[in-house]
Amino acid sequence: MTSKDDSEVGVPMTELHCKGENGREPTPQRDSWSRHLDYMLTMVGYCVALGNLLRFPYICNRNGGGAFLIPFVLILAIAGFPSFFVEATMSQFSGKAAKQVWSFCPMFKGVGVGAVVVAFTYMPYYNLYLAWPVYYMVKCCSSVLPWTTCGNSWNTDMCIDYMNTTYGSNNTDTSYTITKSEKWENVTLGHTPAEEFWHYNVLGVSTGLEDVGSVQWHIAGCLLFSSVVIFICLIRGVKSAGKAVYVTALLPYILLISICITTLLQPGALNGVYYFFVPDFNKLLDIQVWLEACLQVFYSLGVGLGMIGTAASYNNFHEPCLRDSIILTIISEGTSIFCGFVTFAALGVMSQKTGVPIESVVTGGPGLGFVTYPDALAQLPFPQLWSFMFFLMLLMVGLDSQFLSTEVIITALIDQYPRQLSKRRVFLTGGCCLTVFLTGIIFCTQGGPYMFQLVDWYVLSLGPMVISTMECIVVSWIYGLKRVSKDVEMMIGKPLPMTVKILWALVTPTILIVTFILALLRYEPPTYGKYEYPSYASTIGWFIAVLPLLPIPIYMVITVRKHMASNSLKKSVRLALRPDDEWRPQSREDYINESTT
């Protein structure tokens with residue numbers, strides 16, 4: 001792995017392995033997964049995220065149904081899998097994550113710091129996706145599901161209980177029967193009970209971004225509960241998280257299959273499935289379809305966020321990282337397709353029983369999970385049971401993502417200060433969870449939904465795509481395909497396949513760059529229903545988007561300046577691009593063998 005030129009830098013690696021920095025005591029032993037299955041289930045839980053459940057069905061149907069699967073699967077193979085594999089490979093080889101893994105090219109350590117910034121920005125608002133299901137689960141214990149009726153304290157005069165074919169208000173006693181053909185026409189002029197429960201009970205939404213209002217304490221309490229659960233599950237790091245995922249990663253599949261079987265036994269389910277899968281091949285001629293396929297693959301796999309590398313850094317050195325990456329990408333996106341199948345089967349049942357056209361209620365994001373799905377599940381026998389199971393599934397899926405988000409920050413800090421923090425993991429985890437909870441309270445206010453949408457619109461718009469692109473380029477063109485191939489061979493006994501080399505060096509970065517440019521060109525300002533954000537909101541949003549990129553030039557300057565005391569600028573840049581003294585295999589045996597070759 002080391003070349004003649006590299007030997008100019010630092011001390012022999014065998015010395016570094018035996019001694020800590022500056023000759024001090026050795027660095028504390030790093031944790032690892034108890035079993036390889038712990039890692040696989042953790043990654044299944046992470047990759048099968050809320051985007052698979054709440055976004056993919058809508059995106060797939062909007063972009064040609066079954067025809068959308070063609071660009072989706074193609075981009076998964078040539079862009080999604082390579083991005084996933086490169087991140088996992090470098091971290092498993094070195095046993096380092098986030099910033100420290102970039103010791104293979106110190107000049108770009110800012111890329112790793114940017115991933116940590118993304119995780120820290122992402123966690124407080126994403127925690128709301130855990131708090132909302134908890135609240136809905138509590139409400140599922142009611143004798144009548146509160147999102148199925150009007151006349152509650154939060155309902156308005158515009159609430160239309162289309163299931164009972166009456167128009168009603170909590171303020172008047174007026175009601176009248178309407179025909180089935182008039183139901184949806186009236187609903188489009190008013191609100192369904194599920195919509196009003198979501199907006200006026202759960203969110204307590206205010207008039208706009210500047211109207212912060214009061215804290216919705218029922219949601220803040222649920223947020224605290226979810227933060228405590230995350231802390232308990234991560235109290236011993238990957239050792240405890242690896243046990244928790246046997247529940248949080250597997251239970252959603254059991255619940256989803258149960259909902260699927262029950263739904264398919266109801267009339268109208270197959271109509272919904274047909275509506276989901278019927279192909280519109282004309283859509284394939286639209287560049288927007290290919291762009292959305294790439295974005296869906298990219299964000300559902302969660303590449304460029306530092307979480308894949310963090311999990312892989314706790315792997316044993318000789319785990320089959322190539323095989324694992326293939327399996328995990330297939331499971332992740334296969335689950336997306338299955339979620340679409342179940343979602344549209346449920347919408348088909350809803351359409352059959354209510355006369356509401358499927359195309360009129362198809363939506364994505366929180367609207368699907370907390371308005372449309374509750375409406376659809378209310379049509380099944382024992383609606384409280386199936387609704388509870390659905391929201392429990394959302395909670396489990398959200399927890400898996402937050403486990404790794406939290407671990408990105410904790411691992412980055414412990415890797416940076418191992419002697420000071422490795423024995424204080426419990427306090428570090430508690431402090432991280434507390435900070436995320438307190439920061440998340442702002443999203444629990446009445447103006448919180450507008451802030452949530454603003455952050456959601458921008459937080460992942462630039463950072464992850466740039467980080468993933470730079471990983472492919474730096475590993476292939478600066479660190480070198482020959483080197484990384486040798487590293488892979490050291491781990492799994494086989495060199496890097498030629499196909500993967502071509503994808504890493506040319507195909508994947510090209511696709512990511514083109515996608516990035518097209519996404520910027522097609523940028524639209526954030527929206528929240530009919531509400532128009534003030535002009536300064538976009539400025540705030542772009543600052544959030546750019547924030548993870550700021551460490552990149554900063555660390556470039558810092559790293560080059562370290563070498564300029566005794567070298568020219570040109571040589572300093574060359575030295576900053578070479579692996580530093582900390583870059584080595586995590587395996588002691590392979591490390592010593594490599595250092596003597």
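Predicted model: local features only at pLDDT ≥ 70, side-chain atom pairs only at ≥ 80, totals over all residues.

Biologist: How far is the sulfur of Cys-432 from the closest cysteine sulfur?

Modeller: The closest cysteine sulfur to that of Cys-432 belongs to Cys-433. A disulfide requires two sulfur atoms within 2.5 Å. The sulfur of Cys-432 is too far from its neighbour for a bond because the distance is 5.7 Å.

Biologist: Which cysteines does a disulfide join?

Modeller: Searching the whole structure gives 1 disulfide. A disulfide is a covalent bond between the sulfur atoms of two cysteines. Here the S to S distance is 1.9 Å, and the residues joined are Cys-150 and Cys-159.

Biologist: Is the link of Cys-150 and Cys-159 left-handed or right-handed?

Modeller: The angle about the S-S bond is -80°. Cys-150 is buried at a relative accessible area of 18%, and Cys-159 is buried at 0%. The link of Cys-150 and Cys-159 is left-handed.

Biologist: Is Cys-141 buried or exposed?

Modeller: Cys-141 is in no disulfide, and the nearest cysteine sulfur, that of Cys-140, lies 6.9 Å away. The relative accessible area of Cys-141 is 62%, and the limit for exposure is over 50%, so Cys-141 is exposed.

Biologist: What is the volume of the largest cavity?

Modeller: Rolling a probe the size of a water molecule over the atoms shows where empty space is left. The count comes to 6 cavities of 30 Å³ or more. The largest cavity has a volume of about 150 Å³.

Biologist: Which helix gives the most to the lining of the largest cavity?

Modeller: The largest cavity is lined by 19 residues, and the closest to its centre are Glu-87, Ser-91, Val-101, Trp-102 and Glu-471. At least two lining residues come from each of helix H5 (69-94), helix H6 (109-126), helix H15 (307-312) and helix H23 (463-492). By class, the lining of the largest cavity has 11 nonpolar, 6 polar and 2 charged residues. With 4 residues, the helix that gives the most to this lining is H5.

Biologist: How many nonpolar residues are in the lining of the second largest cavity?

Modeller: The second largest cavity holds about 80 Å³ of space. Of its 13 lining residues, Val-48, Ala-249, Pro-252, Tyr-253 and Val-397 lie nearest the centre. Helix H2 (36-47), helix H12 (251-264) and helix H19 (383-416) each supply at least two residues of this lining. Besides 3 polar and 1 charged residues, the lining of the second largest cavity has nonpolar residues numbering 9.

Biologist: At which residue does H24 bend?

Modeller: Helix H24 (residues 498-521) has 24 residues and reaches 34 Å from its first C-alpha to its last, close to the 34 Å expected at 1.5 Å a residue. The buried residues of H24 include Leu-503, Trp-504 and Ala-505. The bend in H24 is about 50°, and its position is Trp-504.

Biologist: How far apart in space are Thr-372 and Ala-346, C-alpha to C-alpha?

Modeller: Thr-372 is found in helix H18 (residues 366-377). Thr-372 is buried, with a relative accessible area of 7%. In sequence Thr-372 and Ala-346 are 26 residues apart, whereas in space the C-alpha to C-alpha distance is 9.6 Å.

Methods: Residues numbered from 1 in each chain as written. Heavy atoms only, no water. Buried < 20%, exposed > 50% of the residue type's maximum accessible area, 1.4 Å probe, protein only. 1 Å grid on protein atoms, 1.4 Å probe; cavity = no way out; pocket = protein on both sides within 12 Å on 5 of 7 lines; lining within 4 Å. Points joined across faces, edges and corners; volume = space filled by probe spheres on them. Nonpolar A, V, L, I, M, F, W, Y, C, P; charged D, E, K, R; others polar. Expected span 1.5 Å × (residues − 1). Bend = angle between axes of the 7 residues up to and from the residue.
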